[in-house]
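Reader: I would like a close look at the aromatic residues in this model, and at what surrounds them. Please take it slowly and keep it plain.

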Amino acid sequence: MTQQRAFGLDLPDYPWNSLAPYRQRAAEHPGGTVDLSIGTPVDPTPLVVQDALAAASDAPGYPTTHGTPALREAIVDWYSRRRGVAHLDPAAVMPTVGSKELVAWLPLLLGLGPGDVVARPTVAYPTYDIGAQLAGAEAVAADDLDDLEPEIRSRVRMVWVNSPGNPTGIVRDAASLKKIVDQARAQGAVVVSDECYAELGWGDWDVAEGGEPVPSVLDERVTGGDLSLVLSAYSLSKQSNLAGYRAAFLAGDPELMPSLINSRKHAGMIVPYPVQEAMRVALADDAHVASQKALYRDRRAKLLPAVEAFGLRIDHSEAGLYLWGTAGEDTWDTVGRFAELGIVVGPGTFYGDAGNGCVRLSMTASDERIDAAVARLREAV
């Protein structure tokens with residue numbers, strides 16, 4: 001009898017499945033569930049973007065993997081206008097089918113494999129590890145390459161930076177980013193900065209309230225004007241409520257981009273033309289971004305003090321759509337206490353061992369649900 005080989009990739013279970021019993025407990029609350037666990041936008045997609053999608057809906061031909069020239073120019077203009085990045089070559093940008101697929105497949109598309117190491121933040125989005133695994137490489141947690149053992153550090157070929165960070169909301173200043181880039185370049189490693197929350201800075205990073213813009217890894221203060229071995233990833237999911245469109249892009253090293261474009265052509269990783277047009281229009285319209293950020297600013301101002309009154313210490317959280325906090329107890333005990341109030345929060349353990357004891361609360365719920373959570377937290381106190 002022929003022995004059958006098992007099929008399928010040996011990936012870990014999707015972590016969010018383990019929240020099922022807590023979701024069930026939260027659903028039993030008489031006021032219904034307040035889901036603060038996942039950062040999916042709930043506010044309407046701006047009409048200017050919807051109109052652009054509709055206007056481009058007659059698209060019988062295949063779209064271009066590299067992106068239309070008009071979209072690439074819009075991306076370059078956006079980096080210059082919003083991120084302080086000048087002299088970016090339109091040939092060195094490319095749209096992607098959301099940012100998650102980029103994170104998951106980029107190590108493989110860069111040619112990494114067995115023996116190579118991908119460094120990622122100590123508290124991090126789990127797909128960084130999955131991307132390394134899909135390429136057959138090894139993922140290690142490090143916020144500074146100097147923290148790694150020499151043997152491991154010598155094998156690092158890719159470094160993920162996430163600023164503003166998910167789930168922690170940490171923002172790296174230009175000097176911090178420069179240190180990472182200098183460390184990586186010294187051994188020929190690529191730095192890729194996941195910057196999807198860059199428009200959502202708070203406090204010292206809130207431009208609308210007198211703060212500084214969140215710096216990009218492509219900033220000249222970081223690169224010295226040389227974009228070699230540096231890439232920036234960005235998504236319109238958060239700033240423009242385009243999560244359902246799968247609209248993101250990659251920009252940076254002009255020498256790396258042709259190979260990435262070619263590989264994606266072979267793999268059929270193409271952003272549909274109507275979505276490319278929607279992206280082009282969204283990137284040119286700053287008004288809807290400011291309006292959406294104002295909604296999140298108000299929700300944050302309500303939720304933050306209520307969570308602190310409930311007994312959590314909020315750490316970092318200076319940018320992004322989340323509050324990252326700890327009650328000084330096991331993560332799942334905190335998740336359970338919130339579930340008793342009908343509130344679902346994200347377990348910190350989903351983001352690596354360093355996240356144990358913490359939870360992540362999203363501000364993407366509607367105003368009505370945020371108000372409900374605030375009322376329940378204050379009543380519990």
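**Aromatic pairs and their surroundings**

Author: W78 counts as buried, because its relative accessibility is 1%. This is a predicted model, and what follows should be read as a description of that prediction. The ring of W78 pairs with the ring of F249 in an edge-to-face arrangement, with 5.6 Å from centre to centre and 80° between the planes. W78 belongs to helix α3 (residues 69-83), while F249 belongs to strand β8 (residues 247-252), so the pair ties together parts that lie 171 residues apart in sequence. F249 is also buried, because its relative accessibility is 0%. The two rings are part of a cluster, in which ring pairs link W78, Y79, Y234 and F249.

A search of the whole structure gives twelve aromatic pairs. One of them is W78 with F249; another is W324 with Y351. The W324 and Y351 rings are also edge-to-face, at 6.2 Å from centre to centre and with 85° between the planes. W324 sits in strand β10 (residues 322-326) and Y351 in the loop between β11 (343-347) and β12 (358-362), so this pair joins parts that are 27 residues apart in sequence. W324 is buried because its relative accessible area is 4%, which is under the 20% cut-off. Y351 counts as buried as well, because its relative accessibility is 3%.

Aromatic faces also meet charged side chains. R360 lies over the face of Y322, at 3.8 Å from the ring centre. K293 lies over the face of W202, at 5.3 Å from the ring centre.

The axes of α4 (residues 100-109) and α5 (residues 127-135) come within 7 Å and cross at roughly 35°. The crossing of α4 past α5 is right-handed.

S237 lies in helix α9 (residues 237-240), and S237 is buried, because its relative accessible area is 5%. S237 and P41 are 196 residues apart in sequence, yet their C-alpha atoms are 7.5 Å apart in space. Not counting residues up to four places away in sequence, S237 touches P41, L242, A243, R246 and A247.

A282 lies in helix α11 (residues 273-284) and counts as buried, because its relative accessibility is 1%. Leaving aside neighbours within four places in sequence, A282 is in contact with V49, L236, Q239, S240, L242 and H288. A282 and G346, by contrast, are 64 residues apart in sequence and 29 Å apart in space, C-alpha to C-alpha.

Last, the cysteines. The search of the whole structure finds zero disulfides. C196 counts as buried, because its relative accessibility is 6%. C358 is buried too, because its relative accessible area is 10%.

Methods
Residues are numbered from 1 along each chain as its sequence is written. This is a predicted model: local features need pLDDT of at least 70, side-chain atom pairs count only at pLDDT 80 or more; totals for chains, interfaces and linings use all residues. Side-chain values use heavy atoms; hydrogens and water are left out. A disulfide is a pair of cysteine sulfur atoms within 2.5 Å. Buried means under 20% relative accessible area, exposed over 50%, partly exposed in between (1.4 Å probe, protein chains only). Rings of Phe, Tyr and Trp (its six-membered ring) pair if their centres lie within 6.5 Å; planes under 30 degrees apart count as stacked, over 60 as edge-to-face and the rest as tilted. Helices (H or I, at least four residues) and strands (E, at least two) are DSSP runs, numbered from the N terminus. A charge sits over a ring if NZ of Lys or CZ of Arg is within 6 Å of the ring centre and within 35 degrees of the ring normal. Axes are lines fitted to C-alpha atoms, for helices over the stretch in contact, and angles run from 0 to 180 degrees between N-to-C directions. A crossing is left-handed if the near helix is turned anticlockwise from the far one by less than a right angle, and right-handed if clockwise. Contact means heavy atoms within 4.5 Å.
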